[in-house]
Amino acid sequence: MASNIEGKVIVITGASSGMGEATARHLASRGAKVVLGARRADRLEALVSEIRDAGGEAHAKAIDVTRAQDLEALVNVAIEAHGRIDVLINNAGVMPLSPIEKLKIDEWDTMIDVNIKGVLYGIAAALPHMKAQKSGHIINTSSVAGHLIFPASAVYSGTKHAVIAISEGFRQEVKDYNIRTTILSPGAVKTELLDHISDKDVQAANQEYVGQVGIPADSYARMAAFVIEQPEDVDVNEIIFRPTAQQ
Ligand code: NDP
């Protein structure tokens, strides 16, 4: 039986590192036509070359998810190359954790812009095409922090709670267009996410914890593949996964 991944056109944001990169590699190896977005063009180009050298299909575009027009441009790469978009994985995100009393207002703004508005702009870019096709699948990356609040995580958790609310509302609104909606909520995964925490105490504590219990980025890739490969009338609404050793 043909896989429900093979031949699908899958757009992934945050594909230049971590879970997005691992997912691009995994889905391409299973026959998906991947279209990759992030800001670091050099990393995207290297990944596109690697996938093509392995016999896969990949395109990429440098985008900033805080700009709605960039998401439109990314989706248009998929439309121009393949005439459709089957799956959008809104995965780009940032996590500059700090206690609210440190008043790192610029970092609050960045988290809200990337983690919330970036997801909404992705939806805005993909939805008209998915409605016209009468099929599609939006996968949004939330987090265990979308369910729980940890020290110094108030704003980040707020953005990931918002992703869950937006995803569930969206699911209810678009199901009649045959559009599936999935939330993937990872726990501690070893990626570059902690590199940008400016509060050095918070960064050190998180690096120590994730260094001890964190799981590899391809854990996310396998979850993404699982939800995509379900039959089209089956919508996996959310998967929460975390290291076995995580609290
Ligand atoms: P990485 O830092 O490795 O990846 C983050 C990705 O987001 C990068 O590709 C980065 O690319 C991209 N990105 C960041 N800002 C922007 C922007 N403004 N425009 C476009 N792309 C952007 O971390 P992860 O792989 O861990 O993160 C992926 C997602 O998983 C995030 O949403 C994160 O919140 C979530 N998550 C991570 C967990 C973990 O433990 N690692 C746990 C739970 C959720 P570039 O810099 O090139 O733009």
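How many residues surround the ligand, and which are the closest? Keep in mind as you look that this is a predicted model. Select the ligand and its shell: 29 residues surround it, and the closest are Gly 14, Gly 18, Arg 39, Arg 40 and Gly 93. Now colour that shell by class, and you'll get 13 nonpolar, 12 polar and four charged residues. Next, pick helix α1, residues 18–29. This helix gives the shell its largest share, three residues.

On one side you have Ile 179, Thr 181, Ile 183 and Ser 185, all buried. On the other sit Arg 180, Thr 182, Leu 184 and Pro 186, and they are buried too.

Now for the strands that pair with β6. Select β5, residues 136–141: β5 and β6 run parallel, paired over six bridges. To see one of the contacts, show Ile 139, whose bridge partner in β6 is Thr 182. Then trace the chain from β5 through helix α5 (residues 154–174) to β6; this β-α-β crossover is right-handed.

Last stop: strand β7, residues 238–241. The pairing of β7 with β6 is also parallel, over four bridges. Show Ser 185 here, and you'll find Ile 240 of β7 standing opposite.

Key: Residues numbered from 1 in each chain as written. Predicted model: local features only at pLDDT ≥ 70, side-chain atom pairs only at ≥ 80, totals over all residues. Buried ≥ 20, exposed ≤ 12 C-beta atoms within 10 Å, placed from the backbone. Helix = DSSP H or I, 4+ residues; strand = E, 2+ residues; numbered from the N terminus. Pairing = 2+ DSSP bridges. Right-handed = clockwise from strand over helix to strand, strands pointing away. Near = placed C-beta within 6 Å. Nonpolar A, V, L, I, M, F, W, Y, C, P; charged D, E, K, R; others polar.
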